[in-house]
Amino acid sequence: MPAIRLPPSWRIPERLATPEREARSRRRFLRQTALGGLGLAMGACSADPEGSRAAALDGSLTSAAQTAPAVGGAGRQDKDLFPAQRHPGFVLDRDLTDEAAAAANINYYEFTTDKARVAGMTRGFKLHPWSVHVTGLVHRPRTWAMENLLRAFPLEERLYRHRCVEAWSMAVPWTGFPMASFIKVCEPLSAARYVRFISFMRPKDAPGQAQMAWYPWPYTEMLTLAEAMNELTLLVVGIYGHPLPAYHGAPLRLVVPWKYGYKSAKGIVQIEFTAQRPATFWNTVSPGEYGFTSNVNPSVPHPRWSQATERLLGTGRRVKTLLYNGYAAQVAHLYS
Ligand SMILES: Nc1nc2c(c(=O)[nH]1)N[C@H]1C(S)=C(S)[C@@H](COP(=O)(O)O)O[C@H]1N2
Ligand SMILES: [Mo]
């Protein structure tokens with residue numbers, strides 16, 4: 001008897017139709033820069049996540065805004081690829097997050113734990129040349145020059161929810177290609193059971209790596225091979241219809257929308273296939289708080305806060321958090 005297949009959750013009427021409101025967000029952006037200067041530091045994955053403080057401050061963007069979207073550094077060769085065509089299968093039931101609100105709330109510990117300052121601090125960060133090494137249990141180990149990787153797979157745009165473990169969330173138009181397509185090209189050996197993502201290590205350019213030397217740099221994350229092959233798992237090179245800015249993880253990041261945001265490593269330089277489960281950054285720092293699997297689950301509180309609801313960036317609203325971040329139809333079978 002064939003297994004019953006639920007229709008994917010994305011097969012809902014497209015109520016979104018919210019075009020990218022770039023012009024609007026840019027105007028708002030300029031207005032907000034005038035407010036400037038609050039410069040709050042929330043700490044990130046290990047600090048107070050989302051108290052009423054954060055909610056009250058939502059919308060009053062700070063110094064980050066003064067410097068954000070520095071999208072295309074000189075010499076960027078990828079602009080002709082954007083915007084990519086939107087995939088009709090991956091749309092949302094909520095408005096996209098304002099681009100400036102997302103840019104003012106960035107977790108990227110390589111630079112700083114101050115979310116509002118990351119965008120500014122990544123401004124001079126060199127993205128060229130950039131290589132991505134495929135290593136470990138594959139038939140085809142290789143080193144990709146980023147400019148070739150960008151053009152090796154057709155790009156598409158998908159609208160995804162993003163839920164940080166700190167109980168804030170956003171709705172983002174990512175541009176990228178399925179991790180599954182990439183894995184097929186790597187040809188994993190049958191012994192491969194995990195995929196490990198390794199971020200860059202450049203303490204001279206990334207002040208957080210130098211100043212917080214106690215962290216287990218470089219940032220690493222991992223998925224099971226089945227998770228990495230899931231249709232939702234995306235290798236991302238763009239956002240809001242343009243190339244990724246450095247602060248969102250350029251030139252290459254992962255997006256795994258049913259897991260807490262820290263699973264989606266940014267600034268990737270190596271993808272390794274392994275037989276044993278590899279250690280990961282946050283799990284090493286605080287295993288009791290950050291598990292290996294880390295699926296979004298409203299009924300399992302973080303040891304220091306509830307995960308039942310989330311603050312929608314840029315809106316001042318809180319909504320209920322959904323199991324698997326709303327992607328149960330696509331991923332629940334992985335965990336049964
Ligand atoms: N290399 C690296 N990747 C990272 C992080 C980081 O500090 N370093 N932070 C993670 C966390 S906690 C979140 S919520 C997302 C935030 O990035 P975004 O706002 O650009 O999606 O990136 C994830 N990937
Ligand atoms: Mo996060």
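How many salt bridges does a search of the whole structure find? The search turns up 14 salt bridges, and the close-ups below visit a few of them in this predicted model.

**View 1. D80 and R151 pair up across the chain.** Here a salt bridge joins D80 to R151, with 3.0 Å between the closest N and O atoms. D80 sits in the loop between α3 (63-67) and α4 (99-103), while R151 belongs to helix α6 (residues 146-152), so the bridge ties together parts that are 71 residues apart in sequence. As for accessibility, D80 is exposed at 55%, and R151 comes out as partly exposed at 44%.

**View 2. K263 meets E221 in a buried salt bridge.** The N to O distance for this pair is 2.7 Å. The two residues come from distant parts of the chain: K263 is in the loop between β9 (253-255) and β10 (268-274), E221 is in strand β6, and 42 residues separate them. Buried or exposed, then, for K263? K263 is buried, at 1% relative accessibility.

**View 3. R94 and D93 belong to a salt-bridge network.** Zooming in on the pair, the side chains of R94 and D93 form a salt bridge at 3.9 Å, N to O. R94 is buried, its relative accessible area being 15%, whereas D93 counts as partly exposed at 34%.

**View 4. M212 is a buried loop residue.** M212 is found in the loop between α8 (207-211) and β6 (220-224). Its relative accessible area is 11%, so M212 is classed as buried. Setting aside neighbours within four places in sequence, M212 is in contact with Y109, T113 and W217. Then there's T112: 100 residues away from M212 in sequence, but with a C-alpha to C-alpha distance of 8.8 Å in space.

**View 5. C164 and C186 are buried cysteines.** C164 has a relative accessible area of 3%, which makes C164 buried. C186 is likewise buried, with a relative accessible area of 3%. And how many disulfides does the structure have? The count is zero, with the cut-off for a pair of cysteine sulfur atoms set at within 2.5 Å.

Methods
Residues numbered from 1 in each chain as written. Chains lettered and ligands numbered in written order. Predicted model: local features only at pLDDT ≥ 70, side-chain atom pairs only at ≥ 80, totals over all residues. Heavy atoms only, no water. Buried < 20%, exposed > 50% of the residue type's maximum accessible area, 1.4 Å probe, protein only. Helix = DSSP H or I, 4+ residues; strand = E, 2+ residues; numbered from the N terminus. Contact = heavy atoms within 4.5 Å. Salt bridge = Lys/Arg side-chain N within 4 Å of Asp/Glu carboxyl O.
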